[in-house]
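Subject: Structure handover

Hello,

Here is the structure I said I would pass on.

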Amino acid sequence: MDNPFRALPSVSQLLESPPLKKLIQNVNHNVVADGVRNFLDNLRQQMSQAAEKMELPSSSELAEKIATWLQKERRPTLRPVINGTGILLHTGLGRAPLAEAAIQAIEETARGYSSLEIDLESGERGQRAEIVRRLLCELTGAEDAVVVNNNAAATVLALATVAAQKQVLVSRGQLVEIGGSYRLPEVMACAGCQLREVGTTNKTRLSDYEAAIGEHTGGILRVHPSNYEIVGFTESVSIQELVQLGQRHGLPVIDDIGSGALLDFTRFGLGDEPQAAHSIQAGADLVLFSGDKLVGGPQAGIIVGTRKWVQAVLKHPLMRAMRVDKMTLAGLHATLELHLQPEQAEQQIPLLAMLATPLANLELRAKKLAGLLTPLPLLKNVSAISEFSMLGGGSIPSQKIPTWCVSCEPAHGSLQQLASQLRQLEPAVMGRIYQGRFLLDLRTIPPRHDLELVNLFEALSRQLAQPTSVSPAGST
Ligand SMILES: *Cc1c(COP(=O)(O)O)cnc(C)c1O
């Protein structure tokens, strides 16, 4: 019996082929040689496991296949995605897309030097927090402000500043977990504070807080339970009441409002999201929120509050470890500037623009797209349907935002297979699987992607129409 592996070209033969030679020039010899070895190993394994004799490609076809496969393998794992999930602040997809003004500010700052920590008036060394301080104070009414890496960092820093080695009072109804790694009890331990739970899961009264105050108490923390709701027989204490209690006992009050609206979100038909300005007005010492949730800017943790406590935060040794870079500050500054005028914010900040898009526009686009996708052999039962989008990112879970989707089913194979094939495209396409259908939610897809989507679906249709042949295991 002859050895079928003999028919395969050697690694060195393959490396001499034009497509792989070109790849070596662009990448590096060892990387390509390792890739060829892996591909051949996989292929030999497939051949030895195959029930029937496999049809082998010619040497040049094989070289072409390996080059294509290697190029695909070496794509960066961070790739653009068309978000058809309908989740506006999808943490897995990077939360808020940035406004054009923010992108330009980041680009300009990235390209050269900037006055990050220099006061250009005096030429003296300054604070990088100055860059966004004034705007944050104007938008929230706070005395002072500082920005760190994210809201998790803001929470650790605020707690460590206010109540290290001391007890912090938190309602049992607010011991939140925000996505796997962020659990409030653990965050508190990390900040060196002792958690003192007060009240019960569904009811916490002012008297519960009062009774828990003792000589070891260092502060009071309120957390907005942004990704869940306690409904029914409930009671909680307002920030005003907590501030009054804190003042009576000389205890600082931290308010983690989570998504941190700078505008009134009821204008988008959404429920009451806590606004930073309200907490400041109520007298909270430190108010914490994310830059990339309802603010619609880059990832950041925003801390606003009284001068005394913000300055204490700035001087804390952990501050340096949590500070933001110049690009974040540039992007955040540009985003905050847009917030000065709500109409401007609504038009130019993508998150707000998506929320403000009239349903009729989405319906029109969904119907048009459905019409264009219907002829593709890849899909069946293509239609436009009315559905609901979600804010996501730990914001208002019960809020359902009316929307229009393109709904479809794969003509062959499973919904999961279709979803996976769409994720491999460039840009990747993500939708949601709901009640046996694949949905693309138009609210989270900017209109500029509509035609591109059709092209991508057409390309996938063509690609799947080709007969499959030799490929290394796991490289579908
Ligand atoms: C989202 C959220 C956080 C964490 O914020 P990141 O910016 O993701 O670190 C903390 N607290 C609340 C209440 C939140 O909603």
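In this predicted model, seven strands form an open sheet with mixed pairing, in the order β2-β8-β7-β6-β5-β3-β4. The edges are taken by β2 (144–148) and β4 (194–198); each has a single partner strand, so one side of each is left without a neighbour in the sheet. On average, neighbouring strands of the sheet are turned by 25 degrees against each other, ignoring direction.

Two of the pairings can be picked out by residue: A145 has V304 as its bridge partner, and V148 stands opposite G301. Helix α6 (residues 130–140) packs on the sheet here, touching both β2 and β8, and its direction makes about 120 degrees with that of β2.

On its other pairing, β8 meets β7 (residues 286–290), again in the antiparallel sense and over five bridges. In that pairing L286 stands opposite G305.

Next, the loop residue. H216 sits in the loop between α9 (206–212) and β5 (217–223). Leaving aside residues up to four places away in sequence, H216 touches K166 and Q167. For a sense of distance, Q416 is 200 residues from H216 along the chain, and their C-alpha atoms are separated by 54 Å.

Last, the helix pair. Two packed helices are described by the angle between their axes and the distance between the axes. For α17 (residues 359–373) and α19 (residues 450–465), the angle is about 25 degrees and the axes lie 10 Å apart. Angles under 35 degrees count as roughly parallel, so α17 is roughly parallel to α19. Their crossing is right-handed.

The residues that meet are R365, L369, L372 and L373 from α17, and D450, L453, V454 and F457 from α19. By type, the residues of this contact divide into six nonpolar, two charged and no polar.

Regards

How values were computed. Residues numbered from 1 in each chain as written. Predicted model: local features only at pLDDT ≥ 70, side-chain atom pairs only at ≥ 80, totals over all residues. Heavy atoms only, no water. Pairing = 2+ DSSP bridges. Helix = DSSP H or I, 4+ residues; strand = E, 2+ residues; numbered from the N terminus. Axes fitted to C-alpha atoms, helices over the stretch in contact; angles between N-to-C directions. Contact = heavy atoms within 4.5 Å. Parallel < 35°, antiparallel > 145°, perpendicular 65-115°, else oblique. Left-handed = near helix turned anticlockwise from the far one by under 90°. Nonpolar A, V, L, I, M, F, W, Y, C, P; charged D, E, K, R; others polar.
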